[in-house]
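Colleague: I'm new to this one. Could you walk me through it and tell me how you know each thing?

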Amino acid sequence: MMRQPGTRVRTRATTIVAIAAAVLVAVSGCAAGAGRSAGPTSASATATATPTPTPTVDPVTAFAQERLRTMTLRQKVASLLMLHQPGLDGAALRSFVARYGVGGMILMGDNIPPTPAALKALTTAMVPDAALPPLIATDEEGGDVTRLPWDTGPGADTLKSAPVAATQAAFARRATLLRQTGITVNFGTVADVTADPSSFIFDRVLGTTPPDAAARVSASVGAEHGAVLSTLKHFPGHGETDADSHLTVPTTPITQAQWQGRDAPSFVAGISTGAELVMFGHLVYSAVDAAPASLSPTWHRILRDQLGYSGVTITDDMRMLQDTGLPAYQDSAENAVRALAAGNTMLLFVLPADPAAQRMDPDALIDAIVAAVGSGRISAAQIDSDALKLLELRRSLVAPVR
């Protein structure tokens, strides 16, 4: 995730698809008993057929399906974006959300006022449609990456060497702070694993071995459950390289079999505990795919088919790809198309104050994706599926009307 000035920053996998419970089939009726006379069954003895129950439709799903039916392709595409707009003016942020119709906003250091009450007022003011609020996210890891100045709880730099219960307590308090201020998504659980102090991610990992990381990742996700939506990052794992993905595209030669033993367990643990989002990193595992994981259909298949994850996936900040200076990633619109085509549900762009100056205009991003649907690079069915998944997640944040 993009750092900001003034903000503390930051073979085969075990398939976790649950085994379906056995269905008990009750067989009604039996053969005529001994001594019972055979003969025609009287009308009065004929059993009355049991009415077929009317299927119940989940109200969240029903709402999302109906909303999807009313949306244009452009609106669906826009809903797959999570953007950032600097500033502390709630009305201006609401206008930004309404103008583009984005599905989410990320709050960075420049969006955080001095008090929790002021932040709650800002997040309330920035929602144009209370029936379908945007996802409002931030990176609240604690420690090196802390957006909320009043979050004084420990981060991974100390939690990794403390009992697992300390992670649970820290993230429970952190989730409460986020919920109280109107933030609904936390990009806070670092599922990366490394024991290398020279790695840029070392101070942010929750464990230096796969078992230790898995236990604390699970505790983090469990502690946030019911308060905020949890995110596992940075899939498939930043710990295999000491390079910083804010500056380059880190590359590792390790094989998929090695990854399965060293990096996958913490993601498996977080998925098993119920993490609602997985964030893809801009990381190349060259033995698996030459493309960064965020742009890789192969890594999306591994997450889905081998780790059994079917929830929302989101990229790390797409702006980071451009900031590497590498020629292959200088077209932000092309990056967006490739990321969606790879299988991401949502694209994250931490926009500067003047996005157009860095060739990151939201309208241009939306136009490029719409054109990619028209050309067949991305299917309309995928856009519908992704949009519906996000509509359901957003609607689930709304308290039921009583």
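Colleague: What volume does the second largest pocket have?

Modeller: About 350 Å³. Bear in mind that this is a predicted model. Of the 20 lining residues, those closest to the pocket's centre are Val97, Ala98, Gly101, Val102 and Arg394.

Colleague: Which helices supply at least two residues each of that lining?

Modeller: Those are H2 (73–78), H3, H13 (362–375) and H14 (380–395). H3 gives the most, with 4 residues. Sorted by class, the lining has 11 nonpolar, 3 polar and 6 charged residues.

Colleague: Why is proline 128 called partly exposed?

Modeller: Its relative accessibility is 43%. Buried would need under 20% and exposed over 50%, so with 43% proline 128 falls in between and counts as partly exposed.

Colleague: Where does proline 128 lie, and which residues does it touch, leaving out those up to four places away in sequence?

Modeller: Proline 128 lies in the loop between H4 and S3. The residues it touches are Arg94, Val97 and Ala98. Take alanine 98: it is 30 residues from proline 128 along the chain, yet their C-alpha atoms are separated by 6.3 Å. Val97 and Ala98 also turned up among the residues closest to the centre of the second largest pocket.

Colleague: Which residues of helix H4 are buried?

Modeller: In H4, residues 116–125, they are Leu119, Leu122 and Thr123.

Colleague: How do you know that these buried residues line one face of the helix?

Modeller: Look down the axis of H4: the buried residues fall within an arc of 95°, so they line one face. What covers them includes helix H3 (90–100) and strand S3 (135–138).

Colleague: What about the largest cavity: how much space lies in it?

Modeller: About 40 Å³. What makes it a cavity is that a 1.4 Å probe fits there but cannot get out, whereas a pocket is open. The lining is made up of Glu141, Gly142, Gly155, Ala156, Phe171, Gly188, Val190, Arg204 and Leu206.

Colleague: How do those lining residues divide by class?

Modeller: Into 4 nonpolar, 3 polar and 2 charged. Gly counts as polar here, so Gly142, Gly155 and Gly188 go in that class.

Colleague: Last one: what pLDDT does the chain average, and where does pLDDT stay under 50?

Modeller: The chain averages 88, and 85% of the residues score at least 70. Over residues 2–47, pLDDT stays under 50, and for that stretch the model has 61 contacts beyond four places in sequence.

How values were computed:
Residues numbered from 1 in each chain as written. Predicted model: local features only at pLDDT ≥ 70, side-chain atom pairs only at ≥ 80, totals over all residues. Heavy atoms only, no water. 1 Å grid on protein atoms, 1.4 Å probe; cavity = no way out; pocket = protein on both sides within 12 Å on 5 of 7 lines; lining within 4 Å. Points joined across faces, edges and corners; volume = space filled by probe spheres on them. Buried < 20%, exposed > 50% of the residue type's maximum accessible area, 1.4 Å probe, protein only. Arc of directions from axis to C-beta. Contact = heavy atoms within 4.5 Å. pLDDT = per-residue confidence, 0-100.
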